[in-house]
Amino acid sequence: MMQKTVEDRLRSAMEKTAPDDIGDVFARIDAGKVVSIEPARASRKTRPGRLIAACFALLLLGGAGFSYQRTHAVSSVVSIDVNPSIELRVNAKERVLACTALNADAAEVLDEMDGGRDLKNAKLDVAVNALVGSLLRHGYLDSLSSSILISVEDDNAARGERLRQELADEVDGIVTQATVLTRAYTKNADLETRAKQSGVSTGKAAFAQEVRALNDALDFDALAALSVEELRGMAETGAPGMPIGRAQAERIAAKYAGAGDGIPREVESELDETPPHYEVEFEHPTLGEIEYRVHAYTGEVLSGERDALNAAPAAKPAADDAGAQKAVRAALKEAGFSASQVSDLTVKRDTEDGRGVYEVEFIADGVEYEVTVDAATGKVLEWEAEPADRPAGILDRDVGAQSAAKEALRKAGFSASQVSGLETDRDIEDGRSVYEVEFIADGVEYEVTIDAATGQVIGWEAEPVDRDDDEDDDENDANEDDRGEDDEDDEDDEDDD
Amino acid sequence: MKSAKRITIPQTRADNDRLEALLARVARHDRDALAELYGCTRGAVYAAMLSYLKNVEEAQDAAQDAYLQIWENAHAYRARGTPMAWILTVARNLAKMRLRQRARIADLSEEEWQAVPARAENVTAEERLLLQDSLAALGEEERRVVLLHAAGAKHREIAQALELPLATVLSKYRRAVKKLGAHMEGAQNDDAENG
């Protein structure tokens, strides 16, 4: 059966079966039941009974502990954990009595709020909103691989649950990328002691206990030192062991990559993926982003090129052309690859409708990409990807651009001095490596395709210069889009609020 | 059978701009804008839900949830030229939450694929076969990619929303379409032999 038929039939079948019930959506909006739709939040608070029971059993073993946190005025303690760990003490009127940074990261977040003193007397929901906003601005919650934990500790279980629900709604409205976890529990002196000893919030200590209930061979202090995202990943996968941690993953990746201390890097944990791993990304000044995956429990490097940051890159664009490198980075970013994941990378300067562009081509995962980047702005204008039905890296046999151009001219019957605008581009057509030779002679624009391996002419086209076809329209559209200097592809634009 | 969509993906800025403008209006709680947004994205949102939840009724319900979320959270969308990917990410997160809930309430036994609505008068026997039997023969991600694309999402948008490399999406798509074709052909040959 033809591919087209299957695709069209599926399209038609989906069109017929997808619901068309905007009326119901509006009805639900009007009913005001908007944010209460997230079943997972409800399920998160009601973890399996077995787990909760195990938790409490552990907690009860510890004995009396301190009760220094029991100030008369404090009715609830709300903690917010990402990696920064912040604690809010709240009175019965839901006003903040004190806001405390429990670690250095938190102190930095609270810096703009006079160390948290600005939030004193604020309503709890306002304070939480401000704190989460600040966490976002500090870049803590802008990835899908991040989690925020909001815990409410309250002796009045009903009030604690109500606060938890309200805060969950509040935070869900602000956070779009990260996972929001919420918990409510009653006061537990032993847990507070343990939290104090390991320097984390009681909410995070309780979460660490949850994870430990899955595997009691794990060390509580080590668990408490992990990020909420790591703990969440472990909770979802049955806590098979103690992960090596972000710092260790970074060290392993840096050693493997040959990365010096000066190269900025980012570590994300993906403990709920298979295999569980840390993703370490280096931001190299010329090579761009280079990514490594390190197994979360064994420390084995799962992917990434060894010594990539030591050695010179295989297909580095002309070193004197900063624009080309920028274009390559933009193109790779657009396609979602790091420099180490692609092969046959070429970058060429070209002019399209009077505008300077770079054509970036590369092959990754068996797919051939061609990305056009605006030379002036570094923005991706256009791109195409298609399966490259050939093994990557068979470009060894190559007649070279010069002899390709020579052959093209010979075939067309011109000498080099008779033509203008001679350009030779390497390209891939139907899985074959070719040279596209373009030139103008006698008012006619020629495009000759040469097999890169054999130097044979495969095909050619000629048309009068000054043609005006539909392609130009498309490109003019792109022009208009860019005139407003929109920075929609610019990752910095999240900072402007 | 006429629309000739190619697997290659030029960026369609016009579509993106239109969706972004709609999202901006939805953020201001403009009902017409939501209705229009719904009109041009409902297929993809439903396809995403179906591919995760594997059940028509739940997918329909969850698709509504997604639009409620979009209604409430459109203000959080930052114009970066990826409105469809954002919408699909909302859908994906909701679907995953439902799956987590399901896993906690019920057993982890695999949900059976159920893709034809009880009331679907104008669905042909062939479309029924394709939706129900042929899609069931695919791997879960293949199914997701092929459904999303059939519902109008671009490969790039699918890649962004599912956090997969574009190349992976493309190769899964190709494999899925091939498998679907083979399956349908097989089923029809069986029919011919039996009839």
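**Notebook: strands, cores and a helix in a predicted model**

I began with a pair of facing residues and noted that A:Y358 stands opposite A:V373 in β12(A). Before going further I wrote down that this is a predicted model, in which local features need pLDDT of at least 70 and side-chain atom pairs count only at pLDDT 80 or more, while totals for chains, interfaces and linings use all residues. Residues are numbered from 1 along each chain as its sequence is written, chains are lettered from A and ligands numbered from 1 in the order in which they are written, and side-chain values use heavy atoms, with hydrogens and water left out.

I then looked up the two strands (DSSP runs of E, at least two residues, just as helices are runs of H or I of at least four, both numbered from the N terminus). Strand β11 (residues 355-364) of chain A runs antiparallel to β12(A), and 8 bridges join them; strands count as paired if DSSP finds at least two bridges between them. Because 7 of the 8 residues of β12 (residues 367-374) of chain A are buried, this strand is largely enclosed by the rest of the structure. Here buried means under 20% relative accessible area, exposed over 50% and partly exposed in between, with a 1.4 Å probe and protein chains only.

Next I turned to the nonpolar cores (sets of buried Ala, Val, Leu, Ile, Met, Phe, Trp, Tyr and Cys residues joined through side-chain atoms within 4.5 Å). The largest has 98 residues, and those with the most contacts inside it are A:V360, A:F362, A:Y369, B:L34 and B:M49. Its largest share, 13 residues, comes from helix α2 (residues 31-53) of chain B. I recorded that another core, of 41 residues, lies apart from it, with A:A195 and A:A253 among them.

Just after α7(B), B:E163 takes a positive phi of about 55°.

My last entry concerns an open sheet of 4 strands in chain A, ordered β14-β15-β16-β17 with antiparallel pairing. β14 (420-429) and β17 (457-464) of chain A stand at the edges, each with a single partner strand, so one side of each is left without a neighbour in the sheet. Strand β16 (residues 444-451) of chain A is joined to β17(A) by 7 bridges, and A:T449 stands opposite A:G459 in β17(A).
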